[in-house]
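Work through the exercises below with the sequence and the 3D view open. Try each task before reading its solution.

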Amino acid sequence: MSIEFSSKFAKNLSLPKHQQSVSATITALASAAEQISQLCARGPLESAFGALAGTANSDGDQQKALDVRTDEIITAALKTVPVAYYASEEQDDIITLDESQPLAVASDPLDGSSNIDTNVSIGTIFAVFPKAETAEASFLRVGTDQLCAGFFVYGPQTSLVITTGDGTELYVLDRTDNVFKLAIAEMHIPEDAHEFAINASNTRHWDASIRAYIEECQHGEAGPLGAKQNMRWIGSLVADANRILMRGGIFLYPEDDRNGYEHGRLRLLYEAAPVAFIIEQAGGSATDGHTRILEKSLKTLHQRIPFIFGSKNQVKRVMYHKR
Ligand code: F6P
């Protein structure tokens with residue numbers, strides 16, 4: 001397995017000090033992703049594929065056997081490259097790999113795991129930071145400190161969306177020679193689009209601003225938005241984000257009044273910060289409803305955050321209701 005990095009990535013000026021370490025890390029993650037995609041493709045042929053592992057992660061979510069297995073695959077891959085610390089959504093604490101190395105990597109090894117046994121796209125999200133003084137300080141920081149962020153999607157295609165702060169690229173795994181090849185050099189999210197994604201089963205728990213915006217969407221051409229707004233909700237962040245990168249739209253996982261959802265559902269470090277970096281670099285916006293996600297400072301490893309991202313003008317409209 002290898003990656004044919006674009007010439008822009010290969011001489012990446014946004015990574016002056018860490019170019020080689022980051023490239024090696026991405027290559028190792030791509031190799032791990034290729035293994036994970038094989039497991040996903042075998043689905044129920046793989047023993048205990050979607051079965052519960054009998055354990056819970058630090059957020060209390062039930063882990064599936066594949067969550068645990070993918071975390072092991074990512075950990076093994078990161079041990080072979082210049083990474084000092086690994087923070088995983090599946091682990092309570094940071095894992096020290098080799099303190100002398102320059103990078104720190106955070107990952108949600110298997111995003112969308114409630115879709116595992118349904119043959120729907122799932123993925124792996126990652127964020128790469130320069131190592132700081134301590135393991136904690138390497139992750140408890142703002143999203144603008146990321147050197148690189150990306151996600152793999154295990155779907156009809158196995159793909160990698162990635163940014164190092166100089167645009168967002170899409171690579172697709174070519175199964176004929178097992179190489180990730182550049183498919184889109186410059187992803188671009190249109191400023192205006194007519195699609196929204198939210199889990200509408202939570203309507204009664206939302207605050208007035210989210211209800212107001214979703215009502216506008218539902219009123220379509222008869223409402224203030226003046227056009228039909230289509231709805232999509234895959235339930236895998238990577239798949240919803242990938243669609244928005246391809247044709248625009250908005251994703252909302254707001255805070256709500258259910259117990260444990262006061263700050264939304266998604267994790268700032270493993271999900272929102274890397275996806276926000278990718279989205280902004282493709283011309284979109286990413287916010288918690290008030291503040292840019294990349295400027296939010298992480299206080300605890302598994303902190304949750306309301307997450308609203310996508311086409312600039314759609315996100316702006318939600319923020320208008322949030323004022
Ligand atoms: O955190 C994981 C996740 O599965 C995301 O991939 C997805 O966007 C979200 O949770 C779905 O949440 P819900 O099941 O509440 O709609």
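**Exercise 1.** Is H205 buried or exposed?

*Solution.* Start with the origin of the values: this is a predicted model, in which local features need pLDDT of at least 70, side-chain atom pairs count only at pLDDT 80 or more, and totals for chains, interfaces and linings use all residues. Residues are numbered from 1 along each chain as its sequence is written, and side-chain values use heavy atoms, with hydrogens and water left out.

Step 1. Take the cut-offs: buried means under 20% relative accessible area, exposed over 50%, and partly exposed in between (1.4 Å probe, protein chains only).
Step 2. H205 has a relative accessible area of 18%, so H205 is buried.
Step 3. Helices (H or I, at least four residues) and strands (E, at least two) are DSSP runs, numbered from the N terminus.

**Exercise 2.** Find the residues that H205 touches, and describe its link to D257.

*Solution.* Step 1. Contact means heavy atoms within 4.5 Å. Not counting residues up to four places away in sequence, H205 touches R211, D256, D257 and R258.
Step 1. H205 and D257 are 52 residues apart in sequence, yet their C-alpha atoms are 5.2 Å apart in space.
Step 2. Their side chains make a polar contact at 2.6 Å. A polar contact is a pair of N or O atoms within 3.5 Å; within protein, one must be able to donate a hydrogen and the other to accept it, and residues adjacent in sequence count only if both atoms are side-chain atoms.

**Exercise 3.** Describe the surroundings of T163.

*Solution.* Step 1. T163 belongs to strand 9 (residues 158-163).
Step 1. Its relative accessible area is 1%, so T163 is buried.
Step 2. The side chain of T163 has a polar atom 2.9 Å from the backbone nitrogen of G165, and this side chain also reaches the backbone oxygen of G167 at 2.7 Å.
Step 3. Leaving aside neighbours within four places in sequence, T163 is in contact with L147, C148, A149, T168, F277, I278 and Q281.

**Exercise 4.** How do N119 and N178 stand in terms of accessibility?

*Solution.* Step 1. N119 lies in the loop between strand 6 (103-111) and strand 7 (122-130), while N178 lies in the loop between strand 10 (168-174) and strand 11 (179-184).
Step 1. With a relative accessible area of 77%, N119 is exposed; with 25%, N178 is partly exposed.
Step 2. Check the backbone: phi of N119 is near 60 degrees, a positive value in a residue other than glycine. Phi of N178 is also near 60 degrees, again a positive value in a residue other than glycine.

**Exercise 5.** Which residues come nearest the ligand?

*Solution.* Step 1. A residue is near a molecule or strand if one of its heavy atoms lies within 4 Å of it. Of the 13 residues around the ligand, D111, N199, L237, Y253 and R265 come nearest.
Step 1. List some distances to an oxygen atom of the ligand: a polar side-chain atom of E271 lies at 2.9 Å, and a polar side-chain atom of W233 at 3.2 Å.
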